[in-house]
Amino acid sequence: EDGLFSRFIFYTLGGLAKWLDVSPEGNKTNLTEHYKQCGRRAKDIYEHFVKYPATIELTKSQWEQLNQFGDRSLKEIYAFLTDEAASIPKRMGVIVYRITMILTCLRAYDQNSRENTLIASDLDFQTALQICEVLLEHSKLVYANLPMVSSNLDPFKQKFYDLLPNGWFSATQAEQIGAEIGIKPRTVREYIRPMVKCGLLESGKLGEYKKTGLPSLPSLPELKVA
């Protein structure tokens with residue numbers, strides 16, 4: 001409720017039941033020296049930007065994509081979680097920018113750039129955006145499993161939406177999809193109405209609907225460094 005949850009980047013993963021070699025031959029990497037080297041590099045980068053401070057800017061196209069990401073994410077939160085979770089996508093928009101800034105600075109440092117204005121490349125921006133696409137899903141998962149939240153959420157709503165086809169579909173088709181995962185026709189109709197209202201579904205001719213998601217992101221191999 002105080003916004004603390006949205007300030008964290010969450011990434012959930014399961015552990016593997018795998019025994020690691022604990023003998024002296026098992027890990028020949030000197031972790032102390034490894035992290036000392038990482039620390040020295042971080043210090044060099046820091047000192048570079050103390051000496052040559054820079055402002056990081058996005059292009060018009062990148063701002064548009066960030067706005068699309070935020071708009072779609074906010075609609076999904078309202079549709080599938082709770083109003084209290086709205087801070088998650090709002091904060092994630094800031095995190096996209098911050099990761100973009102970090103990647104831009106790392107690239108500028110490697111190129112020994114001394115420019116006081118750095119324009120984020122499409123490669124770095126798209127990398128940050130795709131990282132945050134994943135992080136947003138992990139944040140939603142963690143939030144949905146909080147003790148005070150999980151008991152009030154409908155676990156089938158998100159699954160139902162994900163199973164809907166990308167093209168136009170009828171209400172009858174939606175009911176058939178719902179039936180496959182144990183959802184009654186009346187419940188399907190109760191799902192569809194708020195999805196249309198918040199913009200996740202587009203309503204066409206009587207009884208026909210279509211998903212309205214965020215335009216697909218360019219794949220990284222197709223991008224060129226600006």
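This report covers the cysteines and salt bridges of a predicted model.

The structure contains 0 disulfides. A disulfide requires two cysteine sulfur atoms within 2.5 Å. Cys-105 is buried, at 17% relative accessible area.

Salt bridges number 11 across the whole structure.

| Salt bridge | N to O distance |
|---|---|
| Asp-71 and Lys-75 | 3.2 Å |
| Lys-140 and Glu-137 | 3.2 Å |
| Arg-186 and Glu-190 | 3.6 Å |

Asp-71 and Lys-75 belong to helix H2 (residues 60-80), where they are 4 residues apart, or about one helical turn. Asp-71 is partly exposed, with a relative accessibility of 42%, and Lys-75 is also partly exposed, at 26% relative accessible area.

Helix H4 (residues 122-144) holds both Lys-140 and Glu-137, which are 3 residues apart, about one turn of the helix. Lys-140 is buried, with 8% relative accessible area, whereas Glu-137 is partly exposed, at 39% relative accessibility.

In helix H8 (residues 185-197), Arg-186 and Glu-190 are 4 residues apart, again about one helical turn. Arg-186 is exposed, its relative accessible area being 61%, while Glu-190 is partly exposed at 38% relative accessibility.

Through shared partners, salt bridges link Arg-72, Glu-76, Glu-133, Glu-137 and Lys-140 into one network. The pair Lys-140 and Glu-137 from the table is part of this network.

Technical notes. Residues numbered from 1 in each chain as written. Predicted model: local features only at pLDDT ≥ 70, side-chain atom pairs only at ≥ 80, totals over all residues. Heavy atoms only, no water. Buried < 20%, exposed > 50% of the residue type's maximum accessible area, 1.4 Å probe, protein only. Salt bridge = Lys/Arg side-chain N within 4 Å of Asp/Glu carboxyl O. Helix = DSSP H or I, 4+ residues; strand = E, 2+ residues; numbered from the N terminus.
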